[in-house]
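Colleague: Hi! Could you walk me through this one while I have it open?
Modeller: Happy to, just ask away.

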Amino acid sequence: MARDVAVAAYNLSKKYAGTSTFAVRGLDFDIKRGEVYGFLGPNGAGKTTTIRMLMNFIQPTRGEAKILDLDSVNDSVEIKSKVGYLSGEIALYPKMTGRQFLEYMSDLQPPRRKDYQRQLIRLFEFTSGQKIGNLSKGNRQKLGLIQAFMHEPDILILDEPTSGLDPLMQEAFYNLVRQTKERGATLFVSSHNLTEVQKMCDRIGFIRDGKLIAEQTIGDFAKQSTQIYDISFANDAPLTELRRLSKAKVNVHTPRYISIKMQGDLTPLFAILAKHKVNSLDRQESSLEEEFLNFYKRGRQ
């Protein structure tokens, strides 16, 4: 394992007892120190199984995983002292208050800075006096994030970290990720949301049916990904001009409205729009399944 690698998997595979297929098969990846790595895939793709093997909650059928050059199975206790972890299915102590839970976690592993926990509580606007069993899904997620980050660990492994958060708190989380990266920490973040990983990750690994089908930097992904724009014009839409664009397809059009799918560089599109009066411009969320199909098509070429 190279010195600049923080998290790595080598032929990492898992088959559960009583099943005929692998939940995760032959994963090979390495994540550099200080990198934010997005682990992207639909529900059931194998993201959580991979994370559980990294944390040694389950052991691989074959292959191995390493964190900071420590073996995930043999050095599990030492790894857990260096990792901030958020489960995709948070199970906390319902009779404790949020404050009691954070104090308990601090006793188990004292934070580097006593005031950092308070900063995180303010960032997420978390009310720590309520019992955990009475908290909403969003507030339980905030508590899980606070406990994962408050020790300022070298590695953070986060399974669907924005689940249940409203848009304002999602933005707070993205800012926290940027600040954490700036201090040199490494983040492994699983998600099924394309837009989310583009906002915070340096590189993306795509997993489907338990296999890693592609890895890309955010820059390369942006060049190859498709985006759909719904555009309303004050006058006649420049249909002929837009149809001439390379790597573009007009999906729907009326005299003053166009829905267009673009791949890669958007400069030619906006050069045309600059010559016309545009009433509105809306970007549709990218389709995860469509991007997976694009990867499969490129792989067969």
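**Helix packing and buried residues**

Modeller: Let's start with a helix pair: H4 and H6 pack with their axes 10 Å apart, at an angle of about 145°. Keep in mind that this is a predicted model.

Colleague: Thanks. Which residues of H4 and H6 make the contact?

Modeller: On the H4 side they are Tyr116, Leu120 and Leu123, and on the H6 side Met169, Ala172 and Leu176.

Colleague: Is Thr180 buried or exposed?

Modeller: Thr180 counts as buried, because its relative accessibility is 2% and the cut-off for buried is under 20%.

Colleague: Okay, new pair. How do the axes of H3 and H5 cross?

Modeller: Helix H3 covers residues 98-108 and helix H5 covers residues 137-149; their axes come within 10 Å and cross at roughly 20°. H3 is therefore roughly parallel to H5, since angles under 35 degrees count that way.

Colleague: Which hand does the crossing of H3 and H5 have, left or right?

Modeller: The crossing of H3 and H5 is right-handed.

Colleague: Which residues meet there, in H3 and in H5?

Modeller: From H3 you have Gly98, Phe101, Leu102 and Met105, and they meet Leu143, Ile146 and Gln147 of H5. The residues of this H3 and H5 contact split into five nonpolar, two polar and no charged.

Colleague: Which residues of H3 are buried?

Modeller: The buried residues of H3 are Gly98, Phe101, Leu102, Met105 and Ser106. They lie on the same side of H3, because they cover an arc of only 135° around the axis.

Colleague: What do those buried residues of H3 pack against?

Modeller: Two helices: H4, at 116-123, and H5.

Colleague: Let me jump to H1. How many of its eight residues are buried?

Modeller: Six of the eight, so helix H1, residues 47-54, is mostly covered, buried here being under 20% relative accessible area. The buried ones are Lys47, Thr49, Thr50, Ile51, Met53 and Leu54.

Colleague: Now the strands. Where is Ile231, and is it buried or exposed?

Modeller: Ile231 is in strand S11, residues 226-233. With 0% relative accessibility, Ile231 counts as buried.

Colleague: What does Ile231 touch?

Modeller: Not counting residues up to four places away in sequence, Ile231 touches Arg256, Tyr257, Ile258, Ile260, Leu269, Leu273, Val278, Ser280 and Leu281.

Colleague: And how are the C-alpha atoms of Ile231 and Arg283 separated?

Modeller: By 8.8 Å, with the two residues 52 residues apart along the chain.

Colleague: Last one: what about Phe206, is it buried or exposed?

Modeller: Phe206 counts as buried, at 0% relative accessibility. Phe206 belongs to strand S9, residues 203-208. The C-alpha atoms of Phe206 and Ile260 are separated by 26 Å, and these residues are 54 residues apart along the chain.

Colleague: Great, thanks for the tour!

Conventions. Residues numbered from 1 in each chain as written. Predicted model: local features only at pLDDT ≥ 70, side-chain atom pairs only at ≥ 80, totals over all residues. Heavy atoms only, no water. Axes fitted to C-alpha atoms, helices over the stretch in contact; angles between N-to-C directions. Helix = DSSP H or I, 4+ residues; strand = E, 2+ residues; numbered from the N terminus. Parallel < 35°, antiparallel > 145°, perpendicular 65-115°, else oblique. Left-handed = near helix turned anticlockwise from the far one by under 90°. Contact = heavy atoms within 4.5 Å. Nonpolar A, V, L, I, M, F, W, Y, C, P; charged D, E, K, R; others polar. Buried < 20%, exposed > 50% of the residue type's maximum accessible area, 1.4 Å probe, protein only. Arc of directions from axis to C-beta.
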